[in-house]
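Open the model in your viewer and keep the sequence panel beside it. The stops below say what to select and what is there.

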Amino acid sequence: EQQCDCVFTNFESSSTNRTASMCVHSFRDIVSGFIKRRKRWSDCEALPVLWNSTHARQRPGQSIYVEIGANIGACVMEMLMGTNA
């Protein structure tokens, strides 16, 4: 059984360059390792751009973003730092 300890690393938004501490897995895995090295998970980079340029602008205050956490929260970090979601 693997422990789910975490280590904190800097996460940097691709859309705003804002940074925040993010808890990633202490054991070796692809997503945590990538975020430690690159400060973000590249699969999430398009989300704030799409949100800001389309749906959120068309329906301000009525849009909902649903995050399922499949990438240890990397996409929600990107959305929190890059949008008004």
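Is T83 buried or exposed? Select T83, in the segment after α4. This is a predicted model, and in it T83 has a relative accessible area of 14%. T83 is therefore buried, since that term applies under 20%. Show the side chain of T83: one of its polar atoms lies 2.6 Å from the backbone oxygen of M79. Now display what surrounds T83. Apart from neighbours within four places in sequence, T83 is in contact with P48, W51 and N52.

**Colour by confidence**

Before going on, colour the chain by pLDDT. The mean for the protein chain is 86, and 91% of its residues reach 70 or more. Among the elements, helix α1 (residues 30-38) has the highest mean pLDDT, 95. Helix α3 (residues 55-58) has the lowest, 67. Where pLDDT is low, the predicted coordinates should not be read in detail.

**Helix α4**

Select residues 74-82, which form α4. How many of the 9 residues of α4 are buried? The number is 7, so α4 is largely enclosed by the rest of the structure. The buried residues are A74, C75, M77, E78, M79, M81 and G82. They pack against β1, β2, α1 and α2.

**Where α2 meets α4**

The crossing of α2 past α4 is right-handed. To see the side of α2 that takes part, show L47, P48, W51 and N52; these meet C75, E78, M79 and G82 in α4. P48, W51 and N52 are also the residues listed above as contacts of T83.

**Helix α1**

Move to residues 30-38. V31, S32, G33, F34 and I35 are buried in α1. Their cover includes β1 (6-12), β2 (19-25) and α4. At the start of α1, select D29: a side-chain oxygen of D29 comes to within 3.2 Å of the backbone nitrogen of V31. Just after α1, stop at K39.

**Two residues with positive phi**

Most residues other than glycine have a negative phi. K39 is not a glycine, yet its phi is positive, about 70 degrees. K39 lies in the loop between α1 and α2 and is partly exposed, with a relative accessible area of 36%. Next select N17, in the loop between β1 and β2. N17 also has a positive phi, near 65 degrees. Its relative accessible area is 52%, and N17 is exposed.

R18 has 47% relative accessibility and counts as partly exposed. Which residues is R18 in contact with, leaving aside its neighbours within four places in sequence? They are F11, E12, S13, L80 and M81. A polar atom of the R18 side chain lies 3.3 Å from the backbone oxygen of M81.

Terms used:
Residues numbered from 1 in each chain as written. Predicted model: local features only at pLDDT ≥ 70, side-chain atom pairs only at ≥ 80, totals over all residues. Heavy atoms only, no water. pLDDT = per-residue confidence, 0-100. Helix = DSSP H or I, 4+ residues; strand = E, 2+ residues; numbered from the N terminus. Buried < 20%, exposed > 50% of the residue type's maximum accessible area, 1.4 Å probe, protein only. Contact = heavy atoms within 4.5 Å. Polar contact = N/O pair within 3.5 Å; in protein donor to acceptor, adjacent residues only side chain to side chain. Left-handed = near helix turned anticlockwise from the far one by under 90°.
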